[in-house]
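Here is a walk through one predicted model, from single strands up to the whole chain. Keep the structure open while you read.

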Amino acid sequence: MTEHFLPLSAELQQLITSEQAWHYRIVPKAVSDDMLEFFADNAHFNASHKVELEMLLGRVIKTDFIQAEQITITLGKYYRRGKQEHKARKVWTSTNQDEFLPALIAEARQMNSSDIHLECYEDKCRIRLRIDGRLIERFVIPRTDFPGLINRVKIKAQLDISEKRLPQDGRIVFTDDSDRFDIRVSVLPTLYGEKIVLRLLGYNANNFRLEDLGFNKDELDRFMNGIRRPHGLVLISGPTGSGKTTTLYAALNLLNKEQTNILTVEDPVEYTLEGINQVQLKESIGLTFAQALRTFLRQDPDIIMLGEIRDVETAQMAIRAALTGHLVLSTVHTNSAWGTASRLIDMGIPAYLLAGTLNTTLAQRLIRILCVHCKQKVALEQNQIPNNFKIPSQVSYQNISKGCEECHFTGYHGRRAIYEVIGIDEELADCIRQKSDKVNDQYKKKGIRTLADNAWQLFADGLTSFDEVYPLLLGEL
């Protein structure tokens with residue numbers, strides 16, 4: 001992407017609000033004790049604007065006029081505008097701390113941010129937002145003000161503000177006008193102070209549908225067949241932030257019937273779903289995944305959902321539940337769908353037991369989608385493709401990210417899930433018993449598309465860039 005914007009640090013960015021930046025069409029350039037310097041739109045900014053800004057900001061204003069196009073590009077990148085433009089973004093000051101936190105959360109929600117990071121270092125403290133899988137720095141605040149902000153978060157999450165040596169986890173239910181959602185709070189002691197990550201979640205999962213998540217028809221049919229079986233183990237794999245929990249809740253939403261008893265144990269409970277009995281993990285008092293599972297088996301369950309299989313004890317309990325006639329859904333951190341079998345065997349699960357209980361395994365990733373307003377088509381050099389990757393379809397051209405106001409000059413707008421879904425039949429069960437990793441022939445025979453195949457298809461269709469799919473192509477080597 002060609003960079004025509006003016007590089008802008010978070011310290012300068014937070015000198016003015018988004019509303020002020022767009023209204024006056026200015027970009028901060030430098031700051032001193034009694035003066036603020038701005039780049040200004042030479043076709044818009046005038047003497048009366050200068051007087052207004054000096055009254056608003058209480059400092060002498062100096063301007064450096066540049067072309068309107070460069071101002072527009074810079075504002076689009078650093079001062080995002082959304083549906084709630086009437087709410088001016090808050091600028092951090094020592095006098096607006098009570099207003100700052102709710103405004104920050106509302107802004108992050110408006111920008112479709114998944115996480116807010118509050119971090120403390122030796123010389124400064126900063127706030128970053130994760131948008132479309134990438135972190136961007138939004139605020140830098142004084143170290144003297146940071147403990148007060150941390151305590152405000154802790155109070156809202158009902159955490160112990162006096163405990164600064166140990167990690168803590170909490171939850172906030174946030175209401176903003178008609179919007180109501182959950183926030184997962186994680187506090188971690190670091191070298192220079194406490195770091196907090198706020199994960200913004202939906203309040204309930206009643207509207208999650210598998211059909212809306214991005215499966216193709218064969219993948220959806222294969223996954224639906226797995227979760228509709230009366231018993232067995234269904235595993236979903238992928239890195240943190242790849243959408244595993246959303247897929248799990250969409251499956252539970254489909255299975256949630258009056259005649260079905262569904263129990264879940266999660267760390268934390270990320271969404272609420274009416275009609276399902278959800279348990280929050282509390283390892284500090286002995287309520288672990290394995291302990292909850294033991295109790296679940298005495299609760300007459302039909303379906304059990306485990307937030308994650310982390311250790312051999314939890315894996316053994318999940319296998320036991322699947323063997324005794326229950327459908328068990330869970331997640332495992334592996335790189336591929338077939339890798340879940342290898343992971344459980346490495347944990348110590350006998351291969352013959354796993355072969356008899358695993359009915360479906362799924363891997364997923366989220367791929368950034370190019371902005372339709374500014375993507376550009378260029379030639380694809382064949383030497384860019386990893387040597388050992390077998391191209392499913394020939395591609396001569398690629399679309400690259402450019403950046404425009406619609407995508408805030410990132411070149412991308414939104415993400416799409418891709419999947420690798422394997423239904424375990426007798427032939428694949430034999431591969432598990434034999435601990436075989438050579439299943440490519442079985443994939444071809446059964447028409448199973450790998451993550452790399454689906455990533456390549458998104459690229460071939462012009463929906464994403466080569467940079468986005470390249471790591472997945474390497475993963476197939």
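Start with strand E2, residues 35-41. Five of its seven residues are buried, so the rest of the structure largely encloses E2. Buried means under 20% relative accessible area, exposed means over 50%, and partly exposed lies in between, with a 1.4 Å probe and protein chains only. Helices (H or I, at least four residues) and strands (E, at least two) are DSSP runs, numbered from the N terminus.

Before going on, note the ground rules. Residues are numbered from 1 along each chain as its sequence is written. The model is predicted, so local features need pLDDT of at least 70 and side-chain atom pairs count only at pLDDT 80 or more, while totals for chains, interfaces and linings use all residues; side-chain values use heavy atoms, with hydrogens and water left out.

Strand E2 has two partners to look at. Strand E1 (residues 26-31) pairs with E2 in the antiparallel sense, over five bridges. Two strands pair if DSSP finds at least two bridges between them. A hairpin of three residues joins E1 to E2. Find Val27: Phe39 of E2 stands opposite. Strand E3 (residues 60-66) pairs with E2 in the parallel sense, over seven bridges. There, Asp41 has Ile66 in E3 as its bridge partner.

Now move to an open sheet of six strands. Its order is E6-E5-E4-E9-E8-E7, and the pairing is antiparallel. Strand E6 (134-141) and strand E7 (168-176) are the edges, each pairing on one side only. Neighbouring strands here are turned by 20° against each other on average, direction ignored. Axes are lines fitted to C-alpha atoms, for helices over the stretch in contact, and angles run from 0 to 180 degrees between N-to-C directions. Strand E5 (residues 125-131) pairs with E6 over seven bridges in the antiparallel sense. Ile131 stands opposite Arg134 in E6.

Which strands does helix H6 lie across? They are strand E4 (113-120), E5, E6, E7, strand E8 (179-190) and strand E9 (193-202). H6 runs at about 45° to E9. Helix H6 (residues 146-156) also packs against helix H5 (residues 97-110). Their angle is about 65°, and their axes are 10 Å apart. The residues that meet are Gln97, Asp98, Phe100 and Leu101 from H5, and Leu149, Arg152, Val153 and Lys156 from H6. Contact means heavy atoms within 4.5 Å. The crossing of H5 past H6 is right-handed: the near helix is turned clockwise from the far one by less than a right angle.

Next comes an open sheet of seven strands. Read its order as E12-E11-E13-E14-E10-E15-E18; here the pairing is mixed. Strand E12 (277-280) and strand E18 (412-423) form the edges, and each pairs on one side only. Thr264 has Met305 in E13 as its bridge partner. Helix H11 (residues 339-347) lies across strand E10 (232-237), strand E14 (327-332) and strand E15 (358-370). H11 runs at about 110° to E10.

Go on to helix H15. Seven of its ten residues are buried, so the rest of the structure largely encloses H15. They are Leu451, Ala452, Asn454, Ala455, Trp456, Leu458 and Phe459. Just after H15, Gly462 takes a positive phi of about 80°. Leu463 sits in the loop between helix H15 (451-460) and helix H16 (466-475). Is Leu463 buried or partly exposed? Leu463 is partly exposed, with a relative accessible area of 24%. Beyond its neighbours within four places in sequence, Leu463 is in contact with Arg368, Ile369, Leu370, Arg416 and Leu458.

Finally, step back to the whole chain. There are 16 helices and 18 strands. The radius of gyration, taken over C-alpha atoms, is 26 Å, close to the 23 Å of the globule rule for 477 residues, so the chain is as compact as a globular protein of that length. That rule is 2.2 Å times the number of residues to the power 0.38. Of the 477 residues, 50% count as buried. Among contacts with a separation of 6 or more, 64% join residues 24 or more positions apart.
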